[in-house]
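Look over the model below.

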Amino acid sequence: MELPCRQYQPLVSEYLRSLKESSKFGPQVVCHKIFEETEPIFFQENGLLSSPLAAALRKSGINTLYCHQGEAFAQIAGGANIIVSTPTSSGKSMVYNLPVFEKILAERNSHALYLFPLKALSQDQLRTLNKLYDDMPGLHGRYDLGPAAIYDGDTSPYRRRKIREHTPPILIANPEMLHLSFLPYHENWVHFFKNLDYVIIDEVHTYRGVFGSHVAWLIRRLKRILDYYGKKTQFILSSATIGNPKEFGERLIGEKVKVITRTGAPLSKKNFLFLNPWDSPAYTASQLLEASLKRGLRTIVYTQSRKMTELITLWTQPRLGALADKVSSYRAGFLAEERREIEQKLADGSLLGVISTSALELGIDIGDLDICILVGYPGSIMASWQRGGRVGRSGRESAIIMLGSEDALDQYYMNNPQRFFSKDVESAVLNPGNIKILKEHLICAAAEIPLHKSDSILGSEAVRKGAEELRAEAKLLLSADGLEYYAARKRPQRNVNLRGTGNALTIINGETGVIMGEVDAARALKECHEGAIYLHRVKTWFVEKLDLQAAEIVVTEKKRATFYTRAMATKDTEILTVTATRNIYGCRLSHGNLKVSEHVTGYQKRNNGTNKLITTLPLELPVQTMETEGFWLDIPAPIVTLMEDKKLHFMGGLHAFEHVMISIFPLLVLCDRNDVGGISCPHHEQTEGATIFIYDGHAGGSGLSAEAYRKAEELIERALEIVKTCDCDNGCPSCVHSPKCGSGNRPIDKNACLNLIEGVMVSSSEEIPPMAVVNRESPQTKDYIPRPAPGGEIAYYQNGLEALPEHYGVFDLETKFSADEVGGWHRAEKMGISVGVVYDSVLDGCVTYLEHETAQLVAHLQSLDLVVGFNNKQFDNRVLASYTTVDLTGLPTLDLLEEVKNHLGYRLSLNGIAEHTLSIKKSGDGLMALQWYREKNFEMLSKYCKKDVEITRDLLIFGLENGFFLFRNKAGKTVRLPLSLAKTIAAQCAPKEPTGNSAVDVGGIQYFRPG
């Protein structure tokens, strides 16, 4: 099928108007902010460029530079190092290309080194440089290999030799190649280093955390080589907008920089929408993507995980018909050739849409896009605008749509969108003082050129101490005169991973032997252990073998996985040194060095539909230990005593406090919540009390906890705000639950957390003495987050969930009219449907249907192996029957009210059962639902219906696990109602063979029922 013609120019405005006028999606839009088109601001000075360069630019239609480009050129011409921190698509590549070509025109032997974090960026830049070169005939024939060449891991040995022998003026590489091929073999690049006038480091905002700390040391090693060859080089840094460009740039290169942040580039009209979905964000993204692609709007969807990328692709493709092959997933873990193919198809228009992780966040040329859908808040203001900057480059109107997830940070901004737009962009953090990284690069530097004790690279006390420790470890060898250090190994660079993720393991298809991708070792222990379920390219794989020594993971395809896996881990922390202590409210807050041990001890199998535990299996994996930086908050004993006196669950509150601080950590520091970890200790033997530890998730520390230590008051205040304003009862992912919790969010107590934070903030302000560190002689790994002991009054039977079929749903609907309005309950077929909601176990989320979508609702119910409801046989099915010819009584059905009546002899209300069984209440009643319908308040109506569905689903799970419901009898006693739900399910779900005669599509997945 031909792609929609771009000359037709589908309008983003029409798409947005339809979205906001939709009775379903319109109420979900909580904010729509419009950024109007802005005019360019040009540099006023003339004669800035030489005639050949100015003529070349005119051939591309560029007659005048933007103000930031001209200012940068002038600063570089004056000999300054600069960092340009401006928005995406502001012409930053011109900032460094122009001075480089001016130098090449003036000095034949001049060289420049371009460093990009991704290979795809190198390819883009090479095309730009060749175009500029072609437009300057005066340079033709001067260089055998043209103006520039890429030197990276994909460059063949023959090509590498040619580049070394006939080095073009510009070499394009990445940090890894500088680390592995240039610096260790600097004697092969003498001419290049002696004439290296410029080092360009693009996308420097990506060089934060551990990766940035490595690159900072890599630059220090490079400058040491340049100094050895007598060359002083200028640095030109290019960055997305960050909060601290000067500080960050100077920490990265170890020199002063001039900062340019004002942009003169024009901006096209851009819409930014916040949408808080009724259904799951992923399913909503799939629907929005479908609508945009069918309009011919080129769209990019950003997800928070590899798994979600695959699922959205899986759900969307079947609904696109002939356009199904015009959308693709894209993420790390794909082979390089797969990623390059997808990038090329996006650039040439062969693909209309892509679902990606942050792997496509940077400035890779993927053509002109119209709409960016963010599935969840990306974790920082910077990343939000960086990803949103991928659209609107053609000068046409564009849109960014951010879908809120249940995450605390997402809901914080969904409830306070103005804070998103008013908040300053975060500061980027790196830590060249990371002792582990520092020592690794000292060894590399000594291998490149012996380290003399007067060497400037050894200028600080911390570095000198690191060198002495390496000497004591025999990794550096001191010369006979005691003045020089030599590396003990010849090529130590091979053992240093700049990305800081450890060794990569190869994922192999066990049936074909084909290499599918790779995963880092730390991730493999949690996601690719034996028995794990792993998603790759829309397929589900079962991990047969994890071989850490061979660095291999063997997987086989599992076509119908009914469960997913979650690793279980224990943690322990030891305080090594205290670097700072201060009082915060009435508590002691400390920062220092920690030793964190984590042991993956087993994994859970959980039902795909219900998330309920099926079984827990042990694993024998090595303990992972790292030394890092962190801060810790000591909870005063009076607060603990007060909470215990109030009969509050102190450990549940402490654990929840840790979770919420980690979840909002990215509010203060530019990072992902996965970059930090935490441990809650009701009693830590070194602090001699209750303590919460928050630490950098990378060995040696990345500077994140140090930054947060300085802003701890704001961290606690924001934590209180999150917990206090969340409308859940007992805790949820929007406040205190964490998807990464190694103990499965047990124990968690939201109310205790609220009391704990408030207690901390009003506690005594008396001066608390700094802690005295008591070092452990032999720390042992244990779990500081205790799990509830088995046993007790209620017996849980995991096997009860096995009665459920793989694909079941829970169903409820609300009506347009009351029984009185239609003449009684016996006329249910006349009451009409206002909204219906189906929880789908495969989607693990709810799908909402309005009256005009009833046919889709019926098709969805037909696709299920079991339909569960509360009074659905006697009421919901009768209401629905007036809209369809389908015999609803023939569907496999479990009516929980019918089960109650069969066992008890009389009916109970859903609210009465839920209140005593689940300790929750309905969010409204039928009269309120009718009023919401008359007011056309479909948002509240849908929420109410969805809440009833969730309650019914949770009752189903409880009943299967425990064999009873709880209710209050006429004597006012809470009693058990025994049930045999599994028996009814077994009777309803006799196996049937699919014929393929009747296919229905739900969430992008086709299901078949005999015709």
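The report covers these topics in turn.

## Cysteines

This is a predicted model. The structure contains 0 disulfides. Cys 945 shows the geometry: the closest cysteine sulfur belongs to Cys 846 and lies 8.9 Å away. A disulfide needs sulfur atoms within 2.5 Å, so the sulfur of Cys 945 is too far from that of Cys 846 for a bond.

Burial is a separate matter. Cys 945 has 0% relative accessibility, so this residue counts as buried. Cys 67 is buried because its relative accessibility is 4%. The cut-off for buried is under 20%.

## Strand β2

Strand β2 spans residues 82-85. Ile 82 and Val 84 point one way. Ile 83 and Ser 85 point the other way. In a regular strand, side chains alternate between the two faces of the sheet. Those four residues of β2 are all buried.

Which strands pair with β2? One is β7, residues 234-239, which runs parallel to β2 and is joined to it by 4 bridges. Here Ser 85 stands opposite Ser 239. Another is β8, residues 258-260, also paired in the parallel sense, over 3 bridges. On that side, Ile 82 has Lys 258 as its bridge partner.

## Gln 411

Gln 411 sits in helix α15, residues 408-415. Is Gln 411 buried or exposed? Its relative accessible area is 15%, so Gln 411 is buried.

Leaving aside residues up to four places away in sequence, Gln 411 touches Gly 404, Ser 405 and Glu 406, along with Asn 276 and Ser 734.

Methods
Residues numbered from 1 in each chain as written. Predicted model: local features only at pLDDT ≥ 70, side-chain atom pairs only at ≥ 80, totals over all residues. Heavy atoms only, no water. Buried < 20%, exposed > 50% of the residue type's maximum accessible area, 1.4 Å probe, protein only. Helix = DSSP H or I, 4+ residues; strand = E, 2+ residues; numbered from the N terminus. Pairing = 2+ DSSP bridges. Contact = heavy atoms within 4.5 Å.
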